[in-house]
Every structure is written in structure tokens, then in C-alpha cells.
Amino acid sequence: MGKYFGTDGFRGEANKALNYEHAIKIGRFLGWYYGSRLDKKAKVVIGKDTRRSSYMFEYALCTGLMASGADAYIMHVTTTPSVAYITRVDDFDCGIMISASHNPFYDNGIKLLNSYGEKMDEETILKVEAYIDGEVKIPLATGEEIGRTVDYVSGRNRYIGYLISMSKFSFKDKKVGLDVANGAAWSIAKGVFDALGAKTYVINAEPDGTNINTDCGSTHIEHLQKFVVEKGLDVGFAYDGDADRCLCVDEKGNVITGDHILYIYGLYMKERDKLINNTIVTTVMSNFGLYKALDKVGINYEKTKVGDKYVYENMVQNGHRIGGEQSGHIIFTKYATTGDGILTSLKMMEVMLAKGKPLSELAAPVVFYPQVLKNVRVKSKPDAQNDPDVQLKVLEVGKKLGDEGRILVRESGTEPVIRVMVEAGSDEICEKYVDSVIDVIRDKGHLD
């Protein structure tokens, strides 16, 4: 990770950690870089979510791009996966999404995508950062070389058409609840489900610039749970601010996580001989219950570091077709280069309709193990993680858990914290083993 850009872009509180000058410079560099490298006027497509500050960053990025000679195509309020899709299919040099995903409204972020709709490579990101820090000088465009903006709402409409084409079934008479989190899905999701014939019920679809993710969406799914039960709906889907992830609610009001989704659709693919390599890609934070369920149906799995970036990299390198995170970032590489919440919900509808079963029955084989996760503030993460006595205790706990649980000890990527997690048959067992590891960390003097 670079100085400004993490695994999910340049993110922080608007006009504090991330300000409009950063956005102008990002636009300036990208407009010049792609124009000079390709020896033509660069074309960049931009989308944004519903945050108040997204408009400021949109105009700042456009200013920088035009000043460097690029044309900026504006999709307006739209989802991250829609920008990734349009960047790829409409031959843009790169794409930019303005969003802080599930963060509160006062945060924002700038995500950069390459011409394939994938997250920008590290080499280019470092060049952008060098320009932000004044290490590189680039010229201003003049005369007819100055860029312009182009209204590109047609790109968003084309993406909506693409989603509709993904469905093999009519949703006629199916009652579907959508929590669009007062975010980017607000302008897309209902139209897709309506076009497919569903009786669509939507909540949290009145964005005002300050209510994105506020007590709604996938981070506050309890409201959709209540809504589905009260309205007697067949299923509910909750998205985050930029709609690159989706969590579900079954007809009984139970939460269906990303782990459940991976199992449900992975098994559906296997049954149709579509699960290439017979493998699903997860992160280390997927629940032990998912792995037990996959073992029973003979599906293999791989584990990556936390982050959909690492899931996607593994999938591309190894040719796997489905992967994701418990949080609801699900990637179908046949159809998308990033997690896509609305696409995920369509895929869940497909399985329900193809098998003629409610979501609760499809998810039943995945029985979550109790989990205890504790964060330990330490002086040095590497010293605590690599301490021989700590490693010995972790190994001892793992042996005691055997096939009935697991232990995971990992460093936080953003804080001076070691995370100790145990999954086992009961909360009491989890607590005991987590505390036994923390005791060693404490006894060895690593606590801050």
C-alpha cells in the first residue's frame, strides 16, 4: 500500500484527510499520464455515490483531467461495479469512483480502475502519489488540447440493461425487499427488479447527501430483517453505499451472509458443472462453518488475506470463478471484475427460482460456529506476532481444536493491534482459547 492509497483507494474524512486539492492533482496526473503514454486525448469515466462531498470531488477531478487535456465522462450517481463495467466495455483509459463505501457520509474516497475495470496497479498508484507530493512536474494543456466533460448517464443505463440481461428467469409474483442504504444503488436497483417482474419494496431510498449508510443498508441489516417479516416478502437484499456488496435476508428474517452466498451459488455451479477448478476463494475471516459445509459437498476452497482485492487477484491467477468475503463482497469473474451487490442479488434469485426453494432452505447447510474476536493493542505488531512463545501457544490451541474449530491471529492493517480470533463449538471454548493467547502476549511484555 502507498502513502495515500490503501487496498480500496484513497479514503478519509472529506477536506481533512482527503481534500479537493488531492482530487485535482489525481485528475491532473491521470489526464496527462494516459494522454502522453497513449499519444492521444485520454478518456476517463467517473461515477459517484450520494455523499454531499462527492459532487465537490467530481468537479475537482474533472478540473484536473481537463487541465491535463483529458475528456471526463460523467456517469453521475452510480455504483462502483457500474463504473468498472463501463470502463471495460466502452474502452476508457481508466475509471474513477468517488465513494467511501460503507463509511459514514463525512468520509469519502477515490478509487482508481484500470482500462479492464480492475483496481489500479501499484506502480501507477505510486506515480500518482509522487505527483501529489510534488515530486513530478507535468504540463498544462493549452488551446484545443484542453479537455471537456461529457454527460454519460447513458453508460449507467447500459449497465442497467446488462444487469437485466443477466437473469434467466422472470421474477413475476416474487416479493422482494431492497435496502439501498440511501446510496448509489438508489438510482439502479429498483429499476432492475421491476423490469424483471418482481413486486419490489424499497427502503432507505431518499438520499440527502448526509444519510448514506446512516442506520441502514448492509451495515444495519436489522431494519431489512424486520421489513421482510412485516411485509411477508420472499427475500430481501441490502447494499452498502457504493453497492459493491450485498447481504441477504431470507423469508424468515434471518441474515444470509457472504459465506452463505458463496456456498449457495458455489454448490449451484458445481451441480451444473460450472465450478471451474471445483474451488471457491474466501478470505481468512470466513466462518469455520462454511468450510465444514463445503467439505461435505466436496468443494475445495482457498483462503486469502482480508480484502476483495486479494480475492480477485487469487481468482485471476488461478482461473477460479467465484470468491468473496463474509461481508458480502462477492465476485463472479465471468460477469464482473469487482464485487457487485445487485448482480449478487440477481444470482441469489436465480438459484431460488431454478431450485424452487426458499433462501432459508438453500442456506441451511451452513451452520456458523460461535466466534470470539479480541483486539490486543501492542507495542510492535511483528514482535508480538512472531514471538516464539506466542506462536507455540497458537499452535497448541490449534491442535486442541482439531477439526472442531480454528484459531487465527493476525495483524491489523491500520492500527497497532493484533487480532486474536477463535471459532469453536461454544462461546466458552472460544473465550478460553482467545484469552490463553492474549495471556502469553501480555506475559511477554508486548502489550502497549
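What follows is a working chat about the predicted model shown above.

Reader: Let's start with β5. Is that strand buried or exposed?

Author: Five of the five residues of β5 (residues 94–98) are buried, so the strand is largely enclosed by the rest of the structure.

Reader: Which residues point which way from β5?

Author: Cys 94, Ile 96 and Ile 98 point one way, while Gly 95 and Met 97 point the other way.

Reader: And which strands pair with β5, in what sense?

Author: Strand β3 (residues 43–48) pairs with β5 in the parallel sense over five bridges. Strand β6 (residues 107–113) runs antiparallel to β5 and is joined to it by four bridges.

Reader: What stands opposite Ile 96 in β5? And which residue is the bridge partner of Ile 98?

Author: Ile 46 stands opposite Ile 96. For Ile 98, the bridge partner is Ile 110 in β6.

Reader: Moving just upstream. What does the ring of Phe 92 pair with?

Author: Phe 92 pairs with Tyr 152. Their ring centres are 5.5 Å apart and their planes stand at 85°, so the pair is edge-to-face.

Reader: Where do the two sit in the chain?

Author: Phe 92 is in the loop between α3 (80–89) and β5, and Tyr 152 is in the loop between β7 (149–151) and α5. They are 60 residues apart, so I would call that a link between distant parts of the chain.

Reader: Tyr 131 is in α4, I think. Which residues of α4 are buried?

Author: In α4 (residues 122–132), the buried residues are Thr 124, Ile 125, Val 128, Glu 129, Ala 130, Tyr 131 and Ile 132. What covers them includes β1 (5–6), β2 (9–13), α1 (20–38) and β6.

Reader: What happens at the ends of α4?

Author: At the N-terminal end, Asp 121 caps the helix, with a side-chain oxygen 3.3 Å from the backbone nitrogen of Glu 123. After α4 comes Gly 134, which has a positive phi near 80°.

Reader: Where are they, and how exposed?

Author: His 76 lies in strand β4 (residues 71–77) and is partly exposed at 28% relative accessibility. Ala 181 is in the loop between β8 (175–179) and α6 (189–195), and at 0% it counts as buried.

Reader: New topic. Which residues touch the most other members in the largest nonpolar core?

Author: That core has 65 residues, and the ones in question are Phe 193, Phe 237, Tyr 239, Ile 264, Ile 322 and Leu 359. Helix α8 (residues 258–271) gives the most to this core, with eight residues. Apart from it lies another core, of 33 residues, including Phe 10 and Leu 18.

Reader: What does Leu 359 touch?

Author: Its contacts beyond four places in sequence include Val 235, Cys 248, Ile 256, Ile 264, Met 348 and Met 352. Asp 250 and Glu 251 are also among them.

Reader: Last one. What is the order of strands in the sheet with β17?

Author: The order is β17-β19-β18, an open sheet of three strands with antiparallel pairing. The edge strands are β17 (371–377) and β18 (406–411), and the twist averages 15° from one strand to the next. β17 and β19 (residues 417–423) pair over seven bridges, with Lys 374 opposite Val 420.

Reader: Which helices lie across those strands?

Author: Helix α14 (residues 388–401) lies across β18 and β19, at about 155° to β18. Helix α15 (residues 427–443) lies across β17, β18 and β19, at about 20° to β17.

Notes. Residues numbered from 1 in each chain as written. Predicted model: local features only at pLDDT ≥ 70, side-chain atom pairs only at ≥ 80, totals over all residues. Heavy atoms only, no water. Buried < 20%, exposed > 50% of the residue type's maximum accessible area, 1.4 Å probe, protein only. Pairing = 2+ DSSP bridges. Axes fitted to C-alpha atoms, helices over the stretch in contact; angles between N-to-C directions. Contact = heavy atoms within 4.5 Å. Core = buried A, V, L, I, M, F, W, Y, C linked by side-chain atoms within 4.5 Å. Polar contact = N/O pair within 3.5 Å; in protein donor to acceptor, adjacent residues only side chain to side chain. Phe/Tyr/Trp six-rings, centres within 6.5 Å; stacked < 30°, edge-to-face > 60°.
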